[in-house]
Amino acid sequence: MNTPPSQFPDSHRNASTAITDANRDANNANQVKAQSERCWTLFIALQQIDGLGPVGLSQLIDSAGSVGRLMQGDIKLPVIRGLQGTGRAQLKQLLHQPENSEHWGLATRSLNWLRQTGSGLLCRGDKYYPRLLEQLSNC
């Protein structure tokens, strides 16, 4: 005999609600983790674009507001000195069809290697990033 949820004692409904909430929270955490993984992959892939360089990469991210916004693909590409022809085509492909880009594959392999070796990334803005390097626009 199945009892409708509305007829369960409060303790059962509360437990059921807690489990549902926990499942939703876990699902949200997995989505956030997947989005974060995609942002890191894009960040590494962008560094491989011909002619982009560290200054151009900073300009690109600044124009979008974040790497996450770059992933949305709704941005107008700024004019970046040194980014022409092949590099611009690579960038457009990476932003519009990331998984089909050779740069995405390279970035994915790089992240896997970092995990396997117990290494990590240190980026501008991290508390351990050297203060003197933060003063340079091309680091």
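**Aromatic pair**

I searched the whole structure, a predicted model, for aromatic pairs and found one. The partners are Trp 40 and Phe 43, and their geometry is edge-to-face. I noted 6.0 Å centre to centre and 85 degrees between the planes. The edge-to-face label applies because planes over 60 degrees apart count that way.

Where do Trp 40 and Phe 43 sit relative to each other along helix α1? They are three residues apart, so about one helical turn separates them.

Trp 40 has a relative accessible area of 32%, so I logged Trp 40 as partly exposed. Phe 43 comes out at 19% and is buried. The cut-off matters for Phe 43, because buried means under 20% relative accessible area.

**Overall fold**

Next I checked the secondary structure. I counted six helices and zero strands. Read along the sequence, the pattern is α-α-α-α-α-α.

The protein has 139 residues, and 26% of them are buried.

For contact range, I took contacts between residues at least 6 apart in sequence. Of these, 53% join residues at least 24 apart.

**Nonpolar core**

I went on to the largest nonpolar core, which holds 26 residues. Which members touch the most other members? They are Leu 42, Leu 46, Leu 52, Leu 60, Leu 70, Leu 91 and Leu 94. The elements that give two or more residues to this core are α1, α2 (53-64), α3 (67-72), α4 (85-96) and α5 (102-116). Helix α1 provides the largest share, six residues.

Leaving out residues up to four places away in sequence, I listed what Leu 42 touches. The list is Val 67, Leu 70, Met 71, Leu 94, Leu 95 and Trp 104. Two of these partners, Leu 70 and Leu 94, are also among the core members with the most contacts to other members.

**Thr 41**

My last entry is Thr 41, found in helix α1 (residues 10-46). Is Thr 41 buried or exposed? Its relative accessibility is 3%, so Thr 41 counts as buried. With residues up to four places away in sequence left out, Thr 41 touches Trp 104, Ala 107, Thr 108 and Leu 111. Trp 104 had already turned up in my list for Leu 42.

Methods:
Residues are numbered from 1 along each chain as its sequence is written. This is a predicted model: local features need pLDDT of at least 70, side-chain atom pairs count only at pLDDT 80 or more; totals for chains, interfaces and linings use all residues. Side-chain values use heavy atoms; hydrogens and water are left out. Helices (H or I, at least four residues) and strands (E, at least two) are DSSP runs, numbered from the N terminus. Buried means under 20% relative accessible area, exposed over 50%, partly exposed in between (1.4 Å probe, protein chains only). Contact means heavy atoms within 4.5 Å. A nonpolar core is a set of buried Ala, Val, Leu, Ile, Met, Phe, Trp, Tyr and Cys residues joined through side-chain atoms within 4.5 Å. Rings of Phe, Tyr and Trp (its six-membered ring) pair if their centres lie within 6.5 Å; planes under 30 degrees apart count as stacked, over 60 as edge-to-face and the rest as tilted.
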